Amino acid sequence: MSNKIPDQAQLVIIGGGIVGCSLAYHLTKIGWSDVVLLERKELACGTTWAAAGLLTQLRQNQEMTNLAKYGIECFAGLEAETGMATGFRQNGAVPVCQTEDRKKELLRAAAMARAFNIEMHEVSLKEAGDLVPGMSTDDLLAAFYLPKDGVTNPIETTRALAKGAKMGGAKIFENVMVTDIKTEKGVIGGVTTDQGDIKSEYVVNCAGMWGRQIGQMVNVSVPLHAAEHMHAVTLPIEGLKKHFPTVRDFDGETYFKSESDGILFGGFEAVSKPWGMKGIPNDIMYHELQENWDQFQPFMDCALTRFPAMATAQIRHLSVVPESFTPDTAFMIGEAPGVKNFFVACGMNSVGIQSSAGIGRAMSYWIDQGHPTEQLWPVDIKRYFPWQQNARYLHDRIVEAVGVLYHHHYPNRQRTTARPVICSPIHDRLAANGAAFSQNAGWERADWFAPQGVEPVHQYTWEKPNWLEYQGEEHMAVRDGVGLYDLTSMGKFLFQGRDAEQVLQKLCSNDIAVPVGKVVYTPVLNERGGFETDVTVTRFSEDTFFIVTAAATVVHDYDHFKRLIPEDARTAITDVTHAYAMLAIMGPKSRDLLQALTPADLSSNAFPYGTAKEIDIAYARPWAMRMSYVGELGWELYIPTNFALAVFDAILQEGKKIGLRLVGMQAVNSLRLETGYRHWESDITPDDTPYEAGLGFGVKLDKDDFIGKTALLKQKEEGIKRKLVMFTLQDPDIMLYGSEPIYRDGVWMENMTSGAYGFKVGSAVGMGYVKSEQTISEDWILNGKYEIEVEGKMIPAKVHIRSPYDPKNERTKM
């Protein structure tokens, strides 16, 4: 390694684990040679060294699968490229199932694998036993096989990546401690170390367990926390197959890997043990914690069942090490909010080895191009909020987060720890009315309402969950009567100033130059014409606009808007999410209910769709916006928070006269899907354009230039090759949850972006994109034969260009 650090570099990487070395390697592959990597001690000495080195291709969605698949490709050729051994081997993997629900989950996984061109298939228990001699299958229901999964040596692979980076011109320095990060006007300027300063244009935080401390140097929230993580290695066991496939016993919380003619085994316990509550010491390396055989007992119990020879095997070593986990058990990458050119790649949640190559490649392109070149929102650091770096919150959540990796990944499964965080003003009223709560972005939201005598507790399944009946009643109340739901969690911004309209016209594809009181739905696009977000914009006054966005994207959207306000513009954006509650009254009887509560004229002539007015309700003056996300007549009431409780009570009291039903988020989701309303992150992403998504009405090409206009003009001229469509199933008993593969005439298209049960149409409904190498037309779409693969079975489906319910969207304008 080099000795003296330079005084400047184009980019500085903090942290020499496998992720930092992968990033340096991949940056040099695309021509970035002025790269400096700083490691406080030795390469791979923090967490990387202790990893089991498991490589799997299939993850929970296509985005994460792409990253993991690339890891296999990258590591397969790394030794030949660098001349350094890596220990890479494709020995395969055998996931096993002890329960029917696990089998259903893996059947869905196998369907995804086939769609993503990954070999995964069910094998008989005898075949599983032949693949892994010595493994007991007596208590198993099913087993699967992924022949291309593998293993690698974490330390050797890290060193090979480091050598590859140096071959490309990167400089790597060990025993250099970063003590501060310099910024100027919110832009990275360099780092301070214990051996001097380095000026740099970019800084990337790859500091692993120390990532939260590094983030605090620039006031960036990097919410991760260390937990004790453990595995044991046995002495050689007679009769084992050398290099047998990795066994993953999810129901037993344990994995088994071939190691020096013995077994390396560990796992992800349901209740983990946080570590480092007083901070992570800067001087530790290859650090092991005190053995904890009680904590390890669940893995030992599984091992004794799965491999009977373990009863007489000797444990050579129990390794207990600290490793970082995040609140949602997904890693975080990308440019941090609030600081230009400060990037993060931390919080690997025990999948850092398998994801490192994909992260390095994705991050290198992101830095080079100025935007991600693949859909990465599920792991984007901007999904996190500043409050999530709260130490107590992280400690309490990480107790659960470790085990989530091997839990049943049921639809809508909720975390149970570190709750509640944020409650709406009417939370207690909803609880008293039987609400079962889900959590989104820290907010407790009524998910569904249990009738009297029924406990409001989620019971998860891959079939019809325990709340489906009550969700259906709520759904139909909105379709045929009137319902009220609380979406106080929605993000809310004030966009103000003399230049506010001019700036918004540039940022939004729809026309924002509207009269006071007009509500506009608009895509917010990138230069490629893809959705950075979609919002509603209401003109409150000549120089004040009110923007509403999703709860989960507040940090992302606020940062996006703020970065794009020109320095000389007389404009400011303010996050007022917590200043307003939002109650929605929806359904064909919503006008009758609301009219009984206000003297304002709510007729369509006086109060048409897409308008907003301040009206009197109870003793408050909320903004009433005639918009709908559920496809029915209704109003969204934006109420100053301290007035919300009295307004809710007044609505509920009056609503008793006409059968008002409280409605939860499960019904809101099924209502919006049935009527074809899109959801950013799942149905529309930065890679999807309004024309592909069927939202071209939100684009006004005749106005002055806006971001994405050039790309949309080109696409409109050339035609589209992808289109978001809807599906209903012919079998009313099959459920769709999203991610199911779509086939047209036997050819995989893409996977479902969203799915739910459509109670009005009488079957599951879903959205997904169909595609062709040629320009597609409605006739091409309608002339295909469609099937959706659900748990290994091809289910006939009917395609819809527009929503199966109210395709002309007429009911909102009643």
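**Talking through the model**

Student: Let's start with a proline: where does Pro420 lie?

Tutor: Pro420 lies in the loop between α9 (391–404) and β20 (422–423). Keep in mind throughout that this is a predicted model.

Student: And what is the peptide bond from Arg419 to Pro420, cis or trans?

Tutor: The bond from Arg419 to Pro420 is cis in the model, with omega near -5°.

Student: Which phi does His243 have, positive or negative?

Tutor: His243 has a positive phi of about 60°, although the residue is not a glycine. His243 sits in the loop between β12 (225–234) and β13 (246–249), and because its relative accessibility is 30%, it counts as partly exposed.

Student: What about Ser739, what phi does that one have?

Tutor: Ser739, which is not a glycine either, has a positive phi of about 85°. Its place is in the loop between β34 (722–729) and β35 (741–744), and with a relative accessibility of 29% Ser739 counts as partly exposed.

Student: Switching to helices, how do α1 and α5 cross?

Tutor: The axes of α1 (residues 18–29) and α5 (residues 154–167) come within 8 Å and cross at roughly 30°. The two helices are therefore roughly parallel to each other, and α1 passes α5 in a left-handed crossing.

Student: Which residues in α1 and α5 meet there?

Tutor: From α1 the contact involves Ile18, Cys21, Ser22, Ala24, Tyr25 and Thr28, and these meet Pro154, Thr157, Thr158, Leu161, Ala162, Gly164 and Ala165 in α5. Divided by class, the residues of this contact are 8 nonpolar and 5 polar, with no charged.

Student: OK, and how do α11 and α16 cross?

Tutor: The axes of α11 (residues 468–480) and α16 (residues 665–674) come within 9 Å and cross at roughly 55°. That angle is why α11 is described as oblique to α16, and the crossing of this pair is right-handed.

Student: Which residues make the contact of α11 and α16?

Tutor: On the α11 side they are Gln471, Glu474, His475, Val478 and Arg479, while α16 contributes Gln666, Ala667, Ser670, Leu671 and Glu674. By class, this contact has 3 nonpolar, 4 polar and 3 charged residues.

Student: How many residues of α16 are buried?

Tutor: The helix is mostly covered, with 9 of its 10 residues buried. The buried ones are Met665, Gln666, Ala667, Val668, Ser670, Leu671, Arg672, Leu673 and Glu674.

Student: What do those buried residues of α16 pack against?

Tutor: They pack against α11 and against several strands, namely β22 (443–449), β23 (483–486), β34, β36 and β37. Just after α16 comes Gly676, which takes a positive phi of about 85°.

Student: Going on to Lys760, where is that found?

Tutor: Lys760 is found in the loop between β36 (747–758) and β37 (763–771). Because its relative accessibility is 36%, Lys760 counts as partly exposed.

Student: What is Lys760 in contact with, leaving aside its neighbours in sequence?

Tutor: Once neighbours within four places in sequence are left aside, Lys760 is in contact with His475, Met476, Arg479, Asp480, Glu674 and Tyr805. The side chain of Lys760 also makes a polar contact of 2.9 Å with the side chain of Asp480.

Student: And how far apart are the C-alpha atoms of Lys760 and Gly784?

Tutor: Those C-alpha atoms are separated by 25 Å, with the two residues 24 apart along the chain.

Student: Last one: is His458 buried or exposed?

Tutor: His458 counts as buried because its relative accessibility is 13%, and its place is in the loop between β22 and α11.

Student: What else does His458 touch?

Tutor: Not counting residues up to four places away in sequence, His458 touches Asn412, Ala436, Phe437, Asn466 and Trp467, along with the Asp447 and Trp448 already mentioned.

Note on methods
Residues numbered from 1 in each chain as written. Predicted model: local features only at pLDDT ≥ 70, side-chain atom pairs only at ≥ 80, totals over all residues. Heavy atoms only, no water. Helix = DSSP H or I, 4+ residues; strand = E, 2+ residues; numbered from the N terminus. Buried < 20%, exposed > 50% of the residue type's maximum accessible area, 1.4 Å probe, protein only. Contact = heavy atoms within 4.5 Å. Polar contact = N/O pair within 3.5 Å; in protein donor to acceptor, adjacent residues only side chain to side chain. Axes fitted to C-alpha atoms, helices over the stretch in contact; angles between N-to-C directions. Parallel < 35°, antiparallel > 145°, perpendicular 65-115°, else oblique. Left-handed = near helix turned anticlockwise from the far one by under 90°. Nonpolar A, V, L, I, M, F, W, Y, C, P; charged D, E, K, R; others polar.
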